[in-house]
Amino acid sequence: MRTVRRHNAHLLGIEGMDASDITPFLDLAESYALLSRSRTAPRDVLQGRTVINLFFENSTRTRTSFELAGKRLGADVVNMSVATSSVSKGETLLDTASTLNAMHCDLLVVRHDQSGAPALLSQKVEASVVNAGDGMHEHPTQALLDALTIRRHFGRLDGLTIAICGDVAHSRVVRSNIHLLRAMGSNIRLAGPPTLLPSALGELDGVTLYHDMDEALTGVDVAMCLRVQRERMGGGLVPSAREYFALFGLDRRRLGLAQPNALVMHPGPMNRGIEIASDVADSPQSVISEQVEMGVAVRMAVLDRLSRMQTPS
């Protein structure tokens, strides 16, 4: 495989970014959110560019969001079905990179079940690579859309107290959120059972661990629930669904411990009655639907900024 000559910008993770790196994405996404609501998004920003969504894991929500983002900016968007491609027949990731280079795509959105796969592809392809979730590593655009949603309601991220509750151990979303929220000056509380809450995270500045949900939610500005990822864990890490909800589920009583204007968030998909009660998920304090809306705006901003930072071949 020939060496890639272009030195394009990629979005592989939030780790290592500071507020000056993050804020331009949020500001541009804010403008795209306003344009999308007025149905006046510019359709020539990515005209003539090709975006390929390469998903080795299923994710209807994220893939559709990137597809809408690319199309609203005028790009040609291609969804590669990995389950029916030659990759599933034994083609290596490096073979895939060679194929993608031959297709001359401009932006490559990658979701993979192995941590580091998007980073490896970024070294081998000519396109700008966006990490749409890799293993248990990171999910940077989810953290950006969460941050944008919070900032739209409070006008800031600095000084807010945000509780992230549930299956922290298996969540790439929480890892990206920790990096982003710390960089933006938020105080982070992580809550969950000891089996799903790595003690090492408590050593980070601005992060406090809780095994008691009532204590974790008292006085917070944002309560974010995480999906229990049973597919990534062995047996014995969590009790029954009923017991888990009793100990760590977000219900009306627990929400009442937070600030009166506290936001309820969930990256989805939700397990109602396990991580979160239905009446809380559908309450006026819930911004879960807004997170989905901001996801399109954030991905528009990411595709736009990366395309502008590309170096001609």
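Leaving aside neighbours within four places in sequence, which residues is Pro-269 in contact with? In this model the partners are Arg-61 and Arg-227, where contact means heavy atoms within 4.5 Å. The model is a predicted one, so to speak: local features need pLDDT of at least 70, side-chain atom pairs count only at pLDDT 80 or more, and totals for chains, interfaces and linings use all residues. Residues are numbered from 1 along each chain as its sequence is written, and side-chain values use heavy atoms, with hydrogens and water left out.

Pro-269 itself sits in the loop between E9 and helix H10 (278–281). Helices (H or I, at least four residues) and strands (E, at least two) are DSSP runs, numbered from the N terminus. With a relative accessible area of 47%, Pro-269 comes out as partly exposed; the scale calls a residue buried under 20% relative accessible area, exposed over 50% and partly exposed in between, using a 1.4 Å probe and protein chains only.

Pro-269 also turns up in the annotation. An unreviewed UniProt entry lists Arg-61, Thr-62, Arg-111, His-139, Gln-142, Gly-268 and Pro-269 under "binding site". UniProt positions are given in the numbering used here, feature names are shortened, and annotations may be inferred rather than shown by experiment. Of these residues, Arg-61, Thr-62, Arg-111, His-139, Gln-142, Gly-268 and Pro-269 are included in the lining of the largest pocket. On a 1 Å grid over the protein atoms alone, a pocket is an open set of points where a 1.4 Å probe fits, with protein on both sides within 12 Å along at least five of seven lines, and lining residues have an atom within 4 Å of a point. The unreviewed entry also gives Lys-89, Arg-172 and Arg-227 as "binding site"; of these residues, the pocket lining includes Arg-172 and Arg-227.

Arg-111 belongs to strand E3 (residues 107–112) and counts as buried, at 6% relative accessibility. Beyond its sequence neighbours within four places, Arg-111 has contacts that include Glu-57, Thr-62, His-139 and Arg-172. Arg-172, for its part, is placed in helix H6 and is buried as well, with a relative accessible area of 9%. Its side chain makes a polar contact of 3.0 Å with the side chain of Glu-57. A polar contact here is a pair of N or O atoms within 3.5 Å; within protein, one must be able to donate a hydrogen and the other to accept it, and residues adjacent in sequence count only if both atoms are side-chain atoms.

Further along H6 (residues 172–183) comes Ser-176, buried with a relative accessible area of 0%. The side chains of Ser-176 and Glu-138 are joined by a polar contact of 2.6 Å. Outside four places in sequence, the contacts of Ser-176 are Ile-14, Glu-138, His-139, Pro-140 and Ala-143.

Now for the sheets. One is open, with 4 strands in the order E2-E1-E3-E4 and parallel pairing; two strands pair if DSSP finds at least two bridges between them. E2 and strand E4 (128–134) are at the edges with a single partner strand each, so one side of each has no neighbour in the sheet. Neighbouring strands are turned by 15° against each other on average, direction ignored. Within this sheet, 6 bridges join E1 to strand E2 (residues 76–81), with Val-51 partnered by Val-77 in E2. Strand E1 (residues 50–55) is mostly covered, 5 of its 6 residues being buried. E3 and E4 run parallel, joined by 5 bridges. Helix H11 (residues 288–308) packs on the sheet, touching E3 and E4, and its direction makes about 145° with that of E4. Axes are lines fitted to C-alpha atoms, for helices over the stretch in contact, and angles run from 0 to 180 degrees between N-to-C directions.

The other open sheet has 5 strands, ordered E7-E6-E5-E8-E9, again with parallel pairing. Its twist averages 20° from one strand to the next. Strand E5 (residues 161–165) and strand E8 (residues 222–225) pair over 4 bridges; Ala-163 has Ala-223 as its bridge partner in E8. H6 packs on this sheet, touching E5, strand E6 (187–191), E7 and E8, with its direction at about 155° to that of E6.
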